[in-house]
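Subject: A structure for you to look at

Hi there,

Here is the structure I promised you. Please open it and keep it beside you while you read my notes below.

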Amino acid sequence: MVKKKAKLLELDIVRAFAILAVLTIHGTSEATVELPVGSGSQALYLAINKLSNFAVPLFILLSGLVLFYRYIDDWSGKQAVAFYLKRVKQILFPYLIWSAFYYIYNQLLFTRDQLHWSWSEFFGLLPWADASYHLYFMVIIVQFYLLFPLLVWLCRMWSGFRKGLFVLGIAVQFAFYSYNHWVKPLNHMPSLCVTYFSLFCLGGFIGMHYDAFAAWISRHIRWVLPLSAALGAGFMGLFLLEERFGLLLDNTWYELLFNTYPMFAAMSFIWIGRKLLQLWPAVSKALLSLGAVSFGVYLMHPAVLSYWRMHAVNDSGRMLDYHAYTFSAFLLSLIVPWVAVSLYGRIRKKMAPSRNRMPQKGAA
């Protein structure tokens, strides 16, 4: 019998950092295009927005890490069936429900006099998550879930594949990027899993060797953390130079930083999460709470953000009021979903039969 692995609490703290970055991106997106280019405020919002762009890549890396950590020593045909059933319940059903919600909600919010339901229109939105701008992540993660059983089986059967998983991820992503960039553009490239393949595979490699990685990052954080900051500053700088001076480099440079920045940020955040658990229990408790409900916050926050932007008064013309409007949007999109999802979880737990409140096996 395979020994049960310990839950990696620090990963919930990393998820908290990732969802805060998602909220920051969406909360500042309006300011980056509404404010005059070249103004200090516009540059500040653009810098904050781009520094937060590790968010989705970080979530994908974490998915690979958790899946391989959980299943690399405990995989079988029976596990594969249970794996897919669990993902249908945890991913597919929420995706359908929230796609339907945003299909109606956006009509109510933006075109009240044209409210309707069309099954053909709704189903047409599902393949590429067109019901809401943030749901594309669900399409990407489903693709990785479909590929994961093959990847974990190959890692278990072939030590060379296991050792070279990250290199394979880089090769696959580079091949598709090269074809898309230099040969022929691929449809829906931002929503294809190959766009993030190296990140998922790096997460998988770390997950399969987590104890060794934890020891490694403790020894090397002195250069990993500064490098993470430098990569983030470099990625941010490309956009600031483009906005301020019209300096536009080849997309390959943006792509390279867009991938390497989250990789090193993820390693840094894992180390930070472990340290917070050791040294700052109060801060850790708050971040663990947010990380535990991050999926629900991700699903719900655009509804809060859109409602605020539609109904909040923002016409004084004073910059201080604009900052307050933007910051309030961020706070509301964080607090309202956080509280709502937490309450939902508590109510569901109380209403569930006692057998469903038994500790769950595994770490996934």
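Alanine 129 is found in the loop between α5 (119-125) and α6; helices here are DSSP runs (H or I, at least four residues), numbered from the N terminus. Its phi is near 55°, a positive value in a residue other than glycine. Alanine 129 is buried, with a relative accessible area of 6%. Buried means under 20% relative accessible area, exposed over 50%, and partly exposed in between, using a 1.4 Å probe and protein chains only.

Histidine 188 also has a positive phi, about 60°, although it is not a glycine. You will find histidine 188 in the loop between α8 and α9, and it is partly exposed at 39% relative accessible area.

A word on what you are looking at: this is a predicted model, where local features need pLDDT of at least 70 and side-chain atom pairs count only at pLDDT 80 or more, while totals for chains, interfaces and linings use all residues. Residues are numbered from 1 along each chain as its sequence is written, and side-chain values use heavy atoms, leaving out hydrogens and water.

Next, look at helix α9 (residues 197-208). Eleven of its twelve residues are buried, so α9 is largely enclosed by the rest of the structure. Among the buried ones are Phe197, Leu202 and Met208. The buried residues of α9 pack against α3, α6, α7, α8, α10 and α11, where contact means heavy atoms within 4.5 Å.

Which residues touch the most other members of the largest nonpolar core? They are Phe68, Phe148 and Tyr210, out of 102 residues in that core. Helix α3 gives the most to this core, with 13 residues. A nonpolar core is a set of buried Ala, Val, Leu, Ile, Met, Phe, Trp, Tyr and Cys residues joined through side-chain atoms within 4.5 Å. Leaving out residues up to four places away in sequence, tyrosine 210 touches Leu8, Glu10, Leu11, Leu65, Tyr69, Ile270 and Arg274.

Some of those names return where helix α1 (residues 9-34) meets helix α11 (residues 251-279). Glu10 and Leu11 are among the α1 residues in this contact, and Ile270 and Arg274 are among those from α11.

Finally, serine 41 lies in helix α2 (residues 40-51) and is buried, with a relative accessible area of 18%. Apart from its neighbours within four places in sequence, serine 41 is in contact with Leu35, Met319 and His323.

Happy exploring!

Technical notes
Helices (H or I, at least four residues) and strands (E, at least two) are DSSP runs, numbered from the N terminus.
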